[in-house]
Amino acid sequence: MKDLKYQFYFENLLEDIKNELVTKAMDDGRLPLGFSCYFIPEVLLNLDNCFSVRLRAPGTADTGIATYYMSEKTCMFSRSILERAIEGGYNFLAALIGTETCSMMNRFYEHFELLKMTEKPNYFVTHTDMPYKVTDYTLESYVKQMRLRVLGVMQEKYITVSVYKKDIEEAR
């Protein structure tokens, strides 16, 4: 029976994308990085001052508004996520990280950026080109893509801005 209590707790966390664990991490000053594809190495997003948030759309039954932006021919998953984004469900994200693997999700990423789904000034959307097969260069490719497309942009958007703000405050 003890295990059922924990299972019920974790199932309740899945009912909302911005649950108490996400809120607590944000209160601790960590940056939420959204992703939707299992090709993104989630463990790398949970380093240092960041944490990963897997995009999902619990409770989204109607995708009428998203269908206006995306064709009915696109997958229901990408339209559901776009619908949730339009409703404001992902406005807490610091970044959205995607892969070049799915053209339908790429359309979602484009709409997310164009429709300005979040009001954070340093928010960014980035795409990575992750390998599909395990080969000799897979790990090297993952590291290179994460450095180039995620860490490089984060350093530019967040670290430079915070250093700049600090310099301005010191000058006053």
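Reader: Which residue of strand 3 does Phe-35 stand opposite?

Author: Phe-35 stands opposite Ile-97 in strand 3. Please keep in mind that this is a predicted model, in which local features need pLDDT of at least 70 and side-chain atom pairs count only at pLDDT 80 or more, while totals for chains, interfaces and linings use all residues. Residues are numbered from 1 along each chain as its sequence is written, and side-chain values use heavy atoms, with hydrogens and water left out.

Reader: What makes strand 2 and strand 4 the edge strands?

Author: The 4 strands form an open sheet with parallel pairing, in the order 2-1-3-4. Strand 2 (50-54) and strand 4 (124-128) each pair on one side only, which is what the term edge expresses here. Neighbouring strands of this sheet are turned against each other by 25° on average, direction ignored, where the axes are lines fitted to C-alpha atoms, for helices over the stretch in contact, and angles run from 0 to 180 degrees between N-to-C directions.

Reader: Why is strand 1 called mostly covered?

Author: A residue is buried when its relative accessible area is under 20%, exposed when it is over 50%, and partly exposed in between, with a 1.4 Å probe and protein chains only. By that rule 5 of the 5 residues of strand 1 are buried. Leu-31, Leu-33 and Phe-35 point one way, whereas Pro-32 and Gly-34 point the other way. In a regular strand the side chains alternate between the two faces of the sheet.

Reader: How do you know that Arg-84 is buried?

Author: Its relative accessibility is 12%, and the limit is under 20%, so Arg-84 counts as buried. Arg-84 lies in helix 5, where 8 of the 11 residues (76-86) are buried. Between Arg-84 and Arg-56, which are 28 residues apart in sequence, the distance in space is 8.5 Å, C-alpha to C-alpha.

Reader: What makes the contact of Asp-28 and Lys-24 a salt bridge?

Author: The term requires a side-chain nitrogen of Lys or Arg within 4 Å of a carboxyl oxygen of Asp or Glu. For Asp-28 and Lys-24 the N to O distance is 3.3 Å, so the pair qualifies. A search of the whole structure finds 1 salt bridge. Asp-28 itself counts as exposed, at 52% relative accessibility.

Reader: Why may Leu-44 belong to a nonpolar surface patch?

Author: Patches are made of residues with over 30% relative accessible area and no salt bridge, like charges being joined within 9 Å and nonpolar side chains (Val, Leu, Ile, Met, Phe, Trp, Tyr) within 5 Å. Leu-44, in helix 3 (residues 42-45), is partly exposed at 34%, so its area passes the patch limit. Together with Val-43 and Leu-47, Leu-44 makes a patch of about 270 Å², the accessible areas coming from the Shrake-Rupley method with a 1.4 Å probe, where for residues only the protein chains shown count as cover.

Technical notes
Helices (H or I, at least four residues) and strands (E, at least two) are DSSP runs, numbered from the N terminus. Two strands pair if DSSP finds at least two bridges between them.
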